[in-house]
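User: I would like a close look at one part of this model, followed by an account of how the rest is put together.

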Amino acid sequence: MVSSVSGRSGLTVLALAFSSLHLAAQEPEAQGRNGTVRVFLECATRGCDSTHFRTEVTFVNWVRDLRDSQVHLVITSQQTGSGQEYLLDFTGRGDLEGIEDLLTLASSNTDSDDERVHALTGVLAVGLARFAVLAGQEGPFTVGVEGADGSELPPGLQGDVDDPWNYWVFRLGGEIEYDEEESERSKSLGGNFSASRTTEAWEFSVSGRGSVSQDDYDITADSTIVDQRDDWSTSAHAYYSLADRWSVGLDAGANSSTRSNTELGGSLGGALEFSFFPYSDWTRRRMTVQASVTAQYFEYDETTIYGKDTETVWQGSVRWSLGLRQPWGTANLRATYDVFLHDPSQFYRRSAGGRLSFRIARGLEWNIDAEVSKIRDQIFLSAAELTPEEVLLQRRQLPTDYSFEISTGFSFTFGSIFNNVVNNRLGGGGGNMRHF
């Protein structure tokens with residue numbers, strides 16, 4: 001069973017539509033509520049407030065370990081043209097195995113955090129009510145919907161709504177920063193913009209950012225190191241959905257970067273992508289292969305180690321990615337192969353990496369992150385000798401044949417399986433005062 005709730009102002013609508021949610025079969029607050037369905041929640045996206053969910057939805061038992069649950073609830077989100085779409089994936093376990101629901105919620109960028117969390121709470125409660133009934137809980141579970149008495153429904157539940165912006169979304173941002181200590185001063189100015197339009201078939205976007213910064217370091221009374229940097233970039237793309245598992249796109253961009261020895265750079269290219277799974281499964285599982293060819297122009301600040309002041313090269317790329325979210329944990333893996341086509345045997349980069357997270361046993365989770373790259377594509381390196389100051393300040397990219405990163409960690413939790421009680425006094429029991 002798949003249900004969805006969407007619209008131009010979906011979060012506002014749902015905040016109204018489910019604000020009168022009444023749960024007639026609530027039991028007194030307790031660590032374990034006898035006879036109620038046990039729910040394990042996974043959520044790591046904007047608007048996900050587990051404390052609010054546990055406070056407002058009290059007709060279930062919230063548990064801390066997947067093995068103790070009858071319902072596995074995963075909340076994810078993906079970007080849309082005017083905000084985010086939340087996907088609430090309900091999977092039954094144990095005596096509820098084989099029962100699944102997928103509810104969706106449309107969010108606008110103009111919605112407040114309060115509207116967002118209340119709307120998510122309403123949809124979450126509706127989804128869990130069905131599982132509670134199937135688990136044998138006594139009802140009734142009633143949902144009051146605005147407009148059910150025949151009055152006009154709010155925008156977003158009326159069907160097609162006129163959009164004067166024709167799906168275009170615009171954003172502007174800026175930042176000014178100044179920081180001073182006795183021997184250090186730092187100032188920066190930055191800005192960004194974007195415009196995008198997303199439909200079922202097309203996605204268009206234009207974006208840009210820029211920054212100017214200066215850092216002063218007093219080494220001695222008569223010696224000061226000044227580090228000035230100007231960096232900016234702009235990009236545009238158009239993607240088209242060819243078929244259920246095929247997409248094609250065009251990308252263009254321009255940039256300037258002190259660290260990459262680039263006074264002016266530009267690119268124009270096309271890409272083709274194949275998805276091994278339907279795009280509708282994107283939040284649960286995905287595996288894609290993408291191939292692209294891009295023309296790149298470089299105008300360098302300083303002559304490169306290859307004697308170039310300007311050059312135009314063609315770059316080919318193949319990218320593979322895999323993402324899985326399963327009861328045993330999550331996996332996100334990727335591999336890329338980039339080459340400059342004028343001399344692919346000499347100029348290339350191969351990279352592989354990802355993140356794995358495993359549930360080893362009850363309460364025990366282990367994760368590992370790794371990334372390794374073979375680097376042969378630093379055609380932008382300056383031929384000028386770097387000063388110690390430039391090296392220490394990371395003003396210029398240093399030559400390297402490889403890069404490698406790895407990290408790992410684990411967490412172990414034990415004790416009561418229930419996670420129902422919420423206590424927000426003095427910041428939730430952590431001993432620190434906190435504010436909204």
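Which residue in E5 stands opposite Gln78?

Analyst: Glu85 in E5 is the residue opposite Gln78. The model is predicted, and this applies to everything below. Strand E4 (residues 71-79) and strand E5 (residues 83-92) are antiparallel and are paired over nine bridges. Both belong to an open sheet of five strands in the order E3-E2-E4-E5-E6, where the pairing is mixed. At the edges are strand E3 (61-62) and strand E6 (100-108); each has a single partner strand, so one side of each has no neighbour in the sheet.

The loop between E3 and E4 contains Ser69. Ser69 is buried, because its relative accessibility of 6% is under the 20% limit. Its side chain comes to 2.7 Å from the backbone oxygen of Leu66, and a polar contact of 3.3 Å connects it to the side chain of Arg93. Leaving out residues up to four places away in sequence, Ser69 touches Arg38, Val39, Phe40, Val63 and Arg93.

The model also has an open sheet of twelve strands, ordered E8-E9-E10-E11-E12-E13-E14-E15-E16-E17-E18-E19, with antiparallel pairing. Strand E8 (168-180) and strand E19 (402-412) are its edge strands, and each pairs on one side only. Ignoring direction, neighbouring strands of this sheet are turned by 10° against each other on average.

His237 has Asp251 in E12 as its bridge partner. Further along the sheet, strand E15 (residues 310-326) includes Leu322, which is buried with a relative accessible area of 17%. The C-alpha atoms of Leu322 and Arg285 are separated by 7.6 Å, although the two residues are 37 apart along the chain. Apart from neighbours within four places in sequence, Leu322 is in contact with Arg286, Met287, Ala331, Asn332 and Leu333.

As for charged pairs, the structure holds 13 salt bridges. One of them joins Arg229 and Asp227, with the closest N and O atoms 3.0 Å apart. Arg229 is buried at a relative accessible area of 18%, and Asp227 is buried at 3%.

Another salt bridge connects the side chains of Arg349 and Asp377, at 2.9 Å from N to O. This pair links distant parts of the chain, 28 residues apart: Arg349 is in strand E17 (residues 348-361), and Asp377 is in the loop between strand E18 (364-375) and helix H4 (388-392). Arg349 is partly exposed at 26% relative accessibility, whereas Asp377 is buried at 12%.

Arg376 and Asp401 also meet through their side chains in a salt bridge, at 3.2 Å from N to O. Arg376 is in the loop between E18 and H4 and Asp401 in the loop between H4 and E19, so the pair ties together parts 25 residues apart in sequence. Arg376 counts as partly exposed at 28% relative accessibility, and Asp401 as partly exposed at 45%.

Finally, confidence. The chain averages a pLDDT of 80, and 79% of the residues score at least 70. Over residues 1-31 the pLDDT stays under 50, and the model gives this stretch 86 contacts beyond four places in sequence. Residues 142-161 also have a pLDDT below 50, with 28 contacts in the model beyond near neighbours in sequence. Where pLDDT is low, predicted coordinates should not be read in detail.

Technical notes:
Residues are numbered from 1 along each chain as its sequence is written. Side-chain values use heavy atoms; hydrogens and water are left out. Two strands pair if DSSP finds at least two bridges between them. Helices (H or I, at least four residues) and strands (E, at least two) are DSSP runs, numbered from the N terminus. Axes are lines fitted to C-alpha atoms, for helices over the stretch in contact, and angles run from 0 to 180 degrees between N-to-C directions. pLDDT is the predictor's confidence in each residue, from 0 to 100. Contact means heavy atoms within 4.5 Å. Buried means under 20% relative accessible area, exposed over 50%, partly exposed in between (1.4 Å probe, protein chains only). A polar contact is a pair of N or O atoms within 3.5 Å; within protein, one must be able to donate a hydrogen and the other to accept it, and residues adjacent in sequence count only if both atoms are side-chain atoms. A salt bridge is a side-chain nitrogen of Lys or Arg within 4 Å of a carboxyl oxygen of Asp or Glu.
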